[in-house]
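I opened a notebook for this structure. These are my entries, in the order in which I looked things up.

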Amino acid sequence: MSGRGRQGQPGTDLYPMLSVEEATEQLLAYFQTLEPETVPLLESLGRVLAEDVYADVDIPPLSNTAMDGYALRAADTAGASGAAPVALHIVADLAAGYVSEVLVVPGTAIRIMTGAPIPEGADAVLPFEDAERNGKVVRIVRPVQLKANVRDAGEDVHKGELVLHRGRRIRPQDVGMLATVGRKQVQVTRRPRVAILATGDEVVEVDAPLGPGKIRNSNSYSNAAQVLATGGVPVLLGIAHDQVEDLTAKIRQGLAQKVDLFLTSGGVSVGDFDVVKQVLAAEGEMTFWRVRMKPGKPLAFGRIGGVPLLGLPGNPVSAMVSFELFARAAILKMLGQRNGERPSVEAALVDGMKSKDGRRHFVRVRVEEKDGAYQARLTGDQGSGRLSTMVEANGLAIIPEEWSSAPPGSKVRVMMLEGDL
Ligand code: AMP
Ligand code: MG
């Protein structure tokens with residue numbers, strides 16, 4: 001028996017169980033950042049910027065007023081008081097969008113609206129509400145500070161400054177900045193295409209009759225939604241039977257659709273009909289199998305037809321958690337996204353966890369703030385078939401593999417799952 005288990009499957013001895021870090025490192029070595037493409041400005045929202053963007057002008061381009069008021073010379077108002085008011089002559093009105101042809105000389109002021117360029121000679125703006133007007137004269141009873149209510153040219157961004165770094169996931173404010181620097185078109189990374197194939201004779205399509213012994217295909221949809229949320233394009237390939245021929249045919253069909261990553265779910269365990277590993281080994285190569293984590297131990301990774309294939313476990317929670325750790329990292333790498341890690345918080349585990357087995361546990365929890373600290377409550381029994389525990393969860397508490405138990409109150413890191421949709 002040269003490492004072959006029953007049914008000719010690759011045996012466990014050939015594939016040492018990897019830590020999460022080892023598996024991640026081995027897997028990521030197979031991915032590169034994809035090529036850029038050009039999209040219209042608004043379509044860049046949620047995409048990953050593939051270029052460094054610089055300001056083409058000063059922003060604001062001209063020094064302008066932050067208030068509706070009187071543009072004046074601050075020095076004119078020195079010593080102004082109720083007893084000794086200063087009177088300035090209003091020599092012009094200026095709306096936003098126009099440059100004044102009239103100068104502000106000593107003893108004069110120009111009425112000016114928010115956003116209008118500061119007229120030459122003026123160096124401060126006194127808001128209307130702080131002044132008293134009498135026909136063509138404005139009366140000032142307090143000194144006005146130099147630069148009061150003046151927004152300097154370039155105070156937001158200087159011409160030539162790097163405003164958006166490549167690798168950033170574009171948010172609404174970034175779209176605004178792109179507009180400000182005159183970008184109608186933006187270079188973003190192409191979205192990776194991710195094939196998704198469910199396996200299992202018991203698995204039926206969502207709208208098919210649910211015959212005896214059957215369950216609905218939830219994995220393809222939760223995984224496809226994760227692909228979308230991460231920025232990829234899911235390519236749904238349906239369900240393969242637990243049979244080498246059918247699985248091989250469906251994988252080949254998927255490969256014909258030019259995908260960057262292939263995901264399967266189910267069929268990677270040690271059951272009699274777990275054929276994904278077999279097909280992967282026969283048609284391509286398997287790099288690793290099994291990771292020291294729970295849920296999600298039976299994870300297979302390799303390449304087939306030159307495309308990286310991640311064989312996710314079949315249990316609905318395992319499929320999602322394994323996606324979260326491995327497929328998400330691969331997609332982010334293909335997108336060239338920087339700082340894509342999930343935010344995490346430290347929280348006190350309200351419920352204790354039983355003794356463990358040397359695997360890192362990813363525990364579905366609901367994190368809430370209480371008295372200025374975070375508390376993490378289990379969302380239910382941690383059976384990996386219970387999708388409802390994911391539905392209730394807003395985070396995955398990470399119980400390190402070295403811990404033999406996690407008594408109530410233990411401080412744990414929680415990877416927060418919210419925020420990308
Ligand atoms: P497997 O990894 O193939 O042994 O599957 C483990 C468990 O996950 C079994 O109870 C399967 O019925 C279930 N399962 C497998 N594939 C899916 C799927 N696509 N949707 C929902 N449950 C699934
Ligand atoms: Mg199965």
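Basis. I am working with a predicted model, in which local features need pLDDT of at least 70 and side-chain atom pairs count only at pLDDT 80 or more, while totals for chains, interfaces and linings use all residues. Residues are numbered from 1 along each chain as its sequence is written, ligands are numbered from 1 in the order in which they are written, and side-chain values use heavy atoms, without hydrogens and water.

Ligand shell. I found 16 residues around ligand 1, with Glu202, Asn217, Ser218, Gly267 and Gly314 the closest; a residue counts as near if one of its heavy atoms lies within 4 Å. By class, the shell has four nonpolar, nine polar and three charged residues; Gly is put with the polar ones, and Asp, Glu, Lys and Arg are the charged ones.

Polar contacts. I looked for pairs of N or O atoms within 3.5 Å. A side-chain N or O atom of glutamate 202 lies 2.6 Å from an oxygen atom of ligand 1. A polar backbone atom of serine 218 is 3.1 Å from a nitrogen atom of the ligand, and for asparagine 219 a backbone contact to a ligand nitrogen is 3.3 Å.

Sheet. I traced an open, mixed sheet of six strands in the order E7-E4-E6-E5-E9-E8; strands are DSSP runs of at least two residues, and two of them pair if DSSP finds at least two bridges between them. E7 (124–127) and E8 (132–134) are the edge strands, each with a single partner, so one side of each has no neighbour in the sheet.

One pair. E4 (residues 69–72) and E6 (residues 108–112) run antiparallel and are joined by three bridges. Alanine 71 is opposite isoleucine 110 of E6.

Definitions and conventions: A polar contact is a pair of N or O atoms within 3.5 Å; within protein, one must be able to donate a hydrogen and the other to accept it, and residues adjacent in sequence count only if both atoms are side-chain atoms. Helices (H or I, at least four residues) and strands (E, at least two) are DSSP runs, numbered from the N terminus.
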